[in-house]
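Dear colleague,

Please find below the structure that I am handing over to you. My notes on it follow directly after.

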Amino acid sequence: MQTDAATPRVRMENITKSYGAVQSLRGVDLHVMPGEVLGLVGDNGAGKSTVSKVLSGAVIPDSGSIEIDGKRVSFSDPGDARTHHIEMVYQDLSLCNTVDVAGNLFLGREPMRRICGVPVLDHRKMHHDAREMLNNLGIRIPSTKLDVENLSGGQRQAIAISRAVSFDPKVLIMDEPTAALAVAEVEAVLELVHTISERGVSVILISHRLQDLFLVCDRISVMYEGQNVADRKIGETNLEEIVDLIVGHKFSARSARALAEN
Ligand SMILES: Nc1ncnc2c1ncn2[C@@H]1O[C@H](COP(=O)(O)OP(=O)(O)OP(=O)(O)O)[C@@H](O)[C@H]1O
Ligand SMILES: [Mg+2]
């Protein structure tokens with residue numbers, strides 16, 4: 001679809017979501033441009049995972065609007081979001097440990113061939129295509145026949161990301177992709193984010209590791225208690241300011257509450 005360069009790939013406006021008495025999202029606005037890498041930060045419980053689950057169709061908001069390339073959409077499940085080319089890599093990875101690398105990449109859509117009219121799994125094609133997928137993203141894994149449980153955290157993360165990329169996303173959301181990784185593995189995942197965004201995919205990266213965000217993001221959006229509190233282009237801010245924006249609101253809200261209580 002032809003879109004204006006100034007039309008955001010995603011525009012979420014005034015999104016709210018409550019779970020009983022807990023107001024997880026209190027009017028969140030979020031936008032991301034084609035090929036842009038947006039870092040989403042905030043304290044624990046700020047609502048980062050919830051807002052990303054709204055965009056990936058896993059959580060249905062109470063109110064608010066979502067536009068993709070300027071068109072209003074609504075999702076009732078992740079399948080709906082996938083139809084609009086939105087993919088999410090979850091914090092817990094959701095890979096099948098006892099299945100090999102190729103099997104995980106093609107889970108639920110394995111290539112088949114027929115022998116005497118009977119459909120059987122086409123192992124050779126699956127491993128060949130899996131190898132191509134990994135090479136295409138510059139991911140080094142010795143064999144596509146290794147069970148995922150025997151891989152390192154970074155390799156597992158890379159497979160989860162390649163699986164998401166294989167659905168040809170316009171938007172890829174990653175929730176804490178580097179939280180459990182060793183330094184060298186973090187670099188590989190950040191490199192992957194860079195490769196994917198260079199192809200025009202918009203990436204939303206949730207992370208508590210602020211230094212990682214400064215390496216790959218174009219912009220950082222800060223959330224606090226279910227609301228956006230700041231939005232900064234990466235070249236116009238620094239680590240100290242982002243820390244202040246995350247922590248500063250925490251203290252000002254606490255002192256406001258303390259004043260109100262006394
Ligand atoms: N399914 C749920 N049921 C009840 N409350 C929920 C649910 N999901 C999220 N919440 C609440 O919504 C708020 C926002 O949670 P969310 O997981 O979005 O935060 P987060 O910013 O991702 O935090 P973290 O950095 O710890 O991952 C929290 O108070 C959380 O307890
Ligand atoms: Mg979270």
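How do the residues of the shell around ligand 1 divide into nonpolar, polar and charged? They comprise 3 nonpolar, 7 polar and 1 charged, where Ala, Val, Leu, Ile, Met, Phe, Trp, Tyr, Cys and Pro count as nonpolar, Asp, Glu, Lys and Arg as charged, and the others, Gly among them, as polar.

Please note that this is a predicted model, in which local features need pLDDT of at least 70 and side-chain atom pairs count only at pLDDT 80 or more, while totals for chains, interfaces and linings use all residues. Residues are numbered from 1 along each chain as its sequence is written, and chains are lettered from A and ligands numbered from 1 in the order in which they are written.

The shell around ligand 1 consists of Y19, V22, S24, G42, N44, G45, A46, G47, K48, S49 and T50; a residue belongs to it if its C-beta atom, placed from the backbone, lies within 6 Å of the ligand. Two or more of these residues come from each of β2 (22-32) and α1 (48-55). The largest share, 3 residues, is that of α1.

As for the chain as a whole, it contains 8 helices and 12 strands. These are DSSP runs numbered from the N terminus, with helices (H or I) of at least four residues and strands (E) of at least two. Buried residues account for 39% of the 262 residues. A residue is buried if 20 or more other C-beta atoms, placed from the backbone, lie within 10 Å of its own, exposed if 12 or fewer do, and partly exposed in between.

Strand β1 (residues 10-19) pairs with two others, pairing being at least two bridges found by DSSP. It runs antiparallel to β2, with 8 bridges, and I15 has V28 as its bridge partner there. The hairpin of β1 and β2 has 2 residues between the strands, and G20 takes a positive phi near 60° in it. Strand β1 is also antiparallel to β4, with 5 bridges, where M12 is partnered by I66.

Most residues other than glycine have a negative phi. D69, however, has a positive phi near 45°, and C116 has one near 50°. D69 is in the loop between β4 (63-68) and β5 (71-73), and C116 is in the loop between β7 (112-115) and β8 (118-121). D69 is partly exposed because 18 other C-beta atoms lie within 10 Å, whereas C116 is exposed because 5 do.

Yours sincerely
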